[in-house]
Amino acid sequence: MRKELVLFVLLSMACGKDSPKPPEAPLLSFPLQNSECTTGVSLNNVTSQVEFRWQEARFADTYELKVTNILTGLSITNAPTVALSARVPILKGTPYKWRVTTRNAETQEIGVSEEWYFYNAGTQTTYPPFPARLLEPASGASVVRDLNNEVTLRWTGADADNDIQSYEVYLATDPDPQQLVASPSVSINQVKAGVAIDTVYYWRVVTLDRAGNTSNSGVYSFRVIR
């Protein structure tokens, strides 16, 4: 009887124990999304130190900052910290994106913030647009044509100068798509394109601004399954 009572108590304690709570994703504060960051401390002619800041996230023990040079794809990842900010030396006049990952000691799950884009201020008086972010179809996705044998290509664009003029949308079966299928104005962020069944397509978007600057989204692929 005594053993049964002890077992009952242990099982009751185990059942009543709360599950570990995964850390929530933090909200980013600075540098602002799609902005020009002008508050960095100049270190030399090509580099300045920028302080990245974010808000406290529930159930988070540590925060890990990742800053990526959009032109080169090279990233700087800070060691996990309990602080709500971190200073990183980055190149002047260069576009970057950044995000923060949260962790805690009780679970393997993580929280990942939004990814924000910004230009680190340099000597430029005008900046190229940020590369368009391709939204749909996602890279590697399998898609179904509509009744007109078309798929919708959707993206989003931004510019620190807020002077985007238009886009150029390229789609082809070649991994380096050079076939221009649409040239929509800045107010349009999606187009329809005719496609064939059981075929892999590659697409990209070039963003143009009024100063003549351009940026390239990079290439996504998708397969038309029916």
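**View 1. Strand S11 gives the largest pocket the largest share of its lining, 4 residues.** This is a predicted model, and here we look into its largest pocket, which holds about 230 Å³ of space. Strand S5 (62–69) joins in too: S5 and S11 (130–136) each bring at least two residues to the lining. Among the residues around the pocket you'll find Thr 68, Asn 69, Lys 97, Tyr 117, Arg 133, Leu 134 and Tyr 220.

**View 2. Three strands line up as an open sheet, in the order S11-S13-S16.** The pairing here is antiparallel. S11 and strand S16 (190–194) sit at the edges with a single partner strand each, so one side of each has no neighbour in the sheet. On average, neighbouring strands of this sheet are turned by 30° against each other, ignoring direction.

**View 3. Zooming in on S11 and S13, we find 4 bridges joining the two strands.** S13 covers residues 150–158 and runs antiparallel to S11. For Leu 134, the bridge partner in S13 is Trp 155.

**View 4. Arg 210 sits in a loop between two strands, S17 (199–209) and S18 (214–216).** Is Arg 210 buried or exposed? It is exposed, because its relative accessible area is 57%, and exposed means over 50%. Leaving aside residues up to four places away in sequence, Arg 210 touches Asn 162, Asp 163, Ile 164 and Gln 165. Ala 57 is 153 residues from Arg 210 in sequence, and their C-alpha atoms are 40 Å apart in space.

Terms used: Residues are numbered from 1 along each chain as its sequence is written. This is a predicted model: local features need pLDDT of at least 70, side-chain atom pairs count only at pLDDT 80 or more; totals for chains, interfaces and linings use all residues. Side-chain values use heavy atoms; hydrogens and water are left out. On a 1 Å grid over the protein atoms alone, a cavity is a set of points where a 1.4 Å probe fits but cannot get out, and a pocket is an open set with protein on both sides within 12 Å along at least five of seven lines; lining residues have an atom within 4 Å of a point. Grid points are joined across faces, edges and corners, and a volume is the space filled by probe spheres set on the points. Buried means under 20% relative accessible area, exposed over 50%, partly exposed in between (1.4 Å probe, protein chains only). Contact means heavy atoms within 4.5 Å. Two strands pair if DSSP finds at least two bridges between them. Axes are lines fitted to C-alpha atoms, for helices over the stretch in contact, and angles run from 0 to 180 degrees between N-to-C directions.
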